[in-house]
Amino acid sequence: MSGKFIEELDVLYTRYGYEPKKSRNTRVYLFTKSIYNGADIIKLDNEGEAEKLRDEFSKSGYAVKIREFKTIEDAESTLFRDFFKADGVIQNLKKRYQNFVHKLMNNLPENSNYKYIRSSYEYVKYESNADDSSPIVIGADDESNPLVQRIVKQINEHQGPLLTIIEAAAGYGKTCTAYEILNEFIAVPTDKLPFFTELSRDRKATIFKHILAFEIEEQFSNRVDSNVVIEQIKKGRIPLIIDGFDELISKDFSFTSSQFEQVESMLSTIVDLLTDNAKIIITSRKTAIFNSEEFHNWMLDRSIDYTLDRITISEPKIEDWLDSDRLDIINTNNFPVDQIANPVLLTYLRYVKIADLKEMVMEDQSIVNRYFDFLLVREQDRQGLLIEPEVQLRIFRKLVRFLTEWDVKSESKTFIKDLILDYNKTILEETRKKYTPDKRPRIDQLADILSNHAFLDRKEKGMIGIVNEFVLGTLIGENLTFGKYKQYDEVFYKNLSQSFAMVAVQAFQVQTQDNKEKLWEVFSNNPFEYEQQFFFKLDIDFREEIIRNYKYATLNEFRLDGYLFTKEKQFESTTFTACTFLNCTFLLSAFRQTSFVNCKFYNCTIDSNGDAYSDNYFSLYGCTDDNDFIKKLYECEDQTLEEEINIEKQILDLYFKKGTLKPRHRQLSNIKNELSQYEYKDISRTLHYLQTEGFLQFNGDLSFLTRNGISYYSDNYANN
């Protein structure tokens with residue numbers, strides 16, 4: 001064996017905590033850091049010496065293994081299997097998946113069988129060191145490439161570091177998808193061992209780096225030094241799956257926030273692992289952070305060659321959940337489909353008896369109320385609980401109000417029990433009287449029963465939280481519409497975070513129109529200091545019309561069908577990004593210095609009302625249409641205006657760090673602001689030209705220089 005091989009063995013064994021011992025024709029490595037003392041004897045040449053050393057160390061109390069390695073990779077794989085006890089960890093992960101499924105099934109009718117519902121999705125794949133001219137590939141769901149299988153295949157086959165980000169709205173399948181990736185991965189024998197962690201927001205000050213270290217110790221039972229685990233994550237032997245990345249971020253984090261400093265520390269911990277062949281998957285609520293120039297340029301500054309696969313799970317399609325018989329019942333009775341388009345309700349309707357489904361839709365019952373009644377009545381039977389469903393709801397509304405006022409989602413079981421006990425004593429005392437003397441529980445026992453309720457679920461680190469975001473959002477929304485927040489806090493609108501408010505809005509999308517209206521009024525009649533996108537979504541989802549005026553707003557990724565943008569000066573200095581407009585009418589004077597960035601216009605019309613178009617109304621950057629909408633817009637332009645000027649260099653200069661030819665990622669909205677001395681129409685047309693020529697590529701508001709674009713700049717402007 002070569003001296004280099006022996007040096008590599010020494011480094012490898014030392015990393016795992018062994019002490020190397022030299023011998024003439026063998027290598028001995030001693031492990032004495034636990035109650036187990038082990039000795040690995042590596043045969044190099046002499047068979048007899050290895051056997052002699054085996055006897056010697058066995059007599060000294062060591063458990064001895066004689067090994068023979070052909071390559072350093074062979075040695076590393078052997079130590080990995082031995083130390084990580086891979087079979088035991090896999091069994092624990094399988095049990096964890098089964099427990100997750102069992103908890104889901106607990107909240108469904110009897111004899112329900114779990115099936116993961118395949119989600120449609122879109123993705124943007126970014127290669128930091130792409131060989132071709134374009135660093136970005138944009139795609140969507142493919143029948144032959146389901147989401148879970150696609151991700152598992154990438155974990156196994158992708159060469160180099162890969163960061164996969166799975167985003168979706170609250171309650172739209174992020175956690176189910178994370179668990180399904182885990183289950184699919186461990187179902188096939190492999191030399192890799194996944195690490196899985198769920199994050200949950202609680203009142204403790206949490207630093208992600210410390211949480212990660214704690215979770216490593218938990219999963220591997222302190223068998224392995226955390227530095228060894230981190231080394232194996234970097235090498236790709238331990239794919240890292242982190243569910244709920246957004247849970248540790250401050251309460252002001254939202255789906256439009258691009259305040260990168262909020263996540264920089266957490267991302268630093270993740271990106272420090274993103275070397276060699278690491279595979280990291282994180283799930284998060286949808287946010288602009290991962291599509292901001294701050295994030296991408298921060299990654300560029302770290303000089304990492306990596307692949308980013310950003311996946312967005314789409315809203316549920318009812319036909320994905322319900323078979324044709326159930327769909328026929330719903331359609332035949334003209335039941336409002338918008339009142340069931342939520343994964344939790346669709347799963348319930350998937351398994352409920354056909355007779356019960358017919359009853360619900362024929363009598364036009366609230367599916368939400370029926371689902372909650374199902375859970376609460378069954379809880380009475382399951383736990384022998386003599387508390388009426390409506391009273392149970394009162395208890396848990398109160399609990400949710402406390403949690404959201406503290407801006408947390410989970411607490412210890414003891415704390416939850418104490419809250420229930422301390423703030424519901426009258427209810428609990430009255431409930432005790434309903435039991436016969438021989439079965440009458442103590443008041444603390446009743447509180448304990450309620451702390452095991454179907455509305456609650458065990459989270460990480462033994463914490464307890466609301467079972468899912470649909471239940472959580474419904475209870476938040478009811479607290480708001482019933483006036484409970486205001487009853488106990490006059491300035492409740494200052495203390496309810498936007499993230500919890502959005503969970504309520506998402507859950508209330510399947511409520512009756514009357515209940516939607518009540519929640520809309522709460523948010524509209526109180527001075528909540530939320531982002532303007534929140535209120536735009538609120539109006540679109542609950543009123544189906546654009547009601548408010550918007551100034552300095554950023555409105556991202558809306559799909560708007562049949563809307564009239566005809567109210568005078570309704571949008572001022574506002575940016576629409578990656579929005580899709582279908583059958584919409586645009587009045588020029590409804591806008592003032594507004595921008596449409598990378599938007600799509602289908603069958604849209606322009607109403608100039610006799611006005612000449614100018615970018616004082618609005619400007620378009622990287623937009624497309626299907627009916628010459630953009631061409632007709634420019635035909636409204638005042639032909640006496642001066643000819644456009646060439647500002648290619650000024651635009652392309654912004655894509656490079658000063659003094660270097662190192663390209664940067666830029667947000668189109670920022671480019672517009674930085675070149676405010678020029679006419680917006682000149683900026684718009686130049687960007688459009690650079691895009692059509694293949695020099696720039698757009699993804700939402702974010703834009704990239706392609707390799708052809710870098711060459712074009714270098715050939716034409718670099719020395720000017």
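How many aromatic pairs does a search of the whole structure find? The search finds 65 of them, where rings of Phe, Tyr and Trp (its six-membered ring) pair if their centres lie within 6.5 Å, and planes under 30 degrees apart count as stacked, over 60 as edge-to-face and the rest as tilted. This is a predicted model, in which local features need pLDDT of at least 70 and side-chain atom pairs count only at pLDDT 80 or more, while totals for chains, interfaces and linings use all residues. Residues are numbered from 1 along each chain as its sequence is written, and side-chain values use heavy atoms, with hydrogens and water left out.

**Aromatic pairs**

Select Tyr 371 and Phe 470, whose ring centres are 6.3 Å apart with the planes at 50°, so the pair is tilted. Tyr 371 belongs to helix H15 (residues 367-383) and Phe 470 to helix H20 (residues 469-481), so the pair ties together parts that are 99 residues apart in sequence; helices (H or I, at least four residues) and strands (E, at least two) are DSSP runs, numbered from the N terminus. Tyr 371 and Phe 470 are both buried, where buried means under 20% relative accessible area, exposed over 50% and partly exposed in between (1.4 Å probe, protein chains only).

**Charges over rings**

Now show Arg 150 with Tyr 123: the arginine lies over the face of the tyrosine, at 4.0 Å from the ring centre. A charge counts as sitting over a ring if NZ of Lys or CZ of Arg is within 6 Å of the ring centre and within 35 degrees of the ring normal. Arg 543 lies over the face of Trp 520, at 3.6 Å from the ring centre.

Select residues 226-235, which form helix H8, and colour Val 228, Val 229, Gln 232 and Ile 233, which are buried. They cover an arc of only 145° around the axis, which puts them on the same side of H8; the arc is that of the directions from the helix axis to the C-beta atoms. The buried residues of H8 pack against helix H1 (3-15), helix H3 (72-84), helix H7 (208-219) and strand S10 (279-285). Just after H8, Gly 236 takes a positive phi of about 90°.

From there, move to Leu 9, which is found in helix H1 and, at 0% relative accessibility, counts as buried. Leaving aside neighbours within four places in sequence, Leu 9 is in contact (heavy atoms within 4.5 Å) with Tyr 29, Ile 42, Phe 69, Ile 72 and Ala 75.

**Two loop residues with positive phi**

Most residues other than glycine have a negative phi. Select Ala 578, in the loop between strand S20 (575-577) and strand S21 (580-582), where phi is near 50°, a positive value in a residue other than glycine. Ala 578 counts as partly exposed, at 24% relative accessibility.

Then select Gln 593, in the loop between strand S23 (591-592) and strand S24 (594-597), for which phi is likewise positive, near 50°. Gln 593 is partly exposed, with a relative accessible area of 33%.

**The whole model**

Finally, zoom out to the protein, which has 30 helices and 31 strands. The C-alpha atoms fill a box of roughly 100 × 90 × 50 Å, taken along the principal axes. Of the 720 residues, 55% count as buried.
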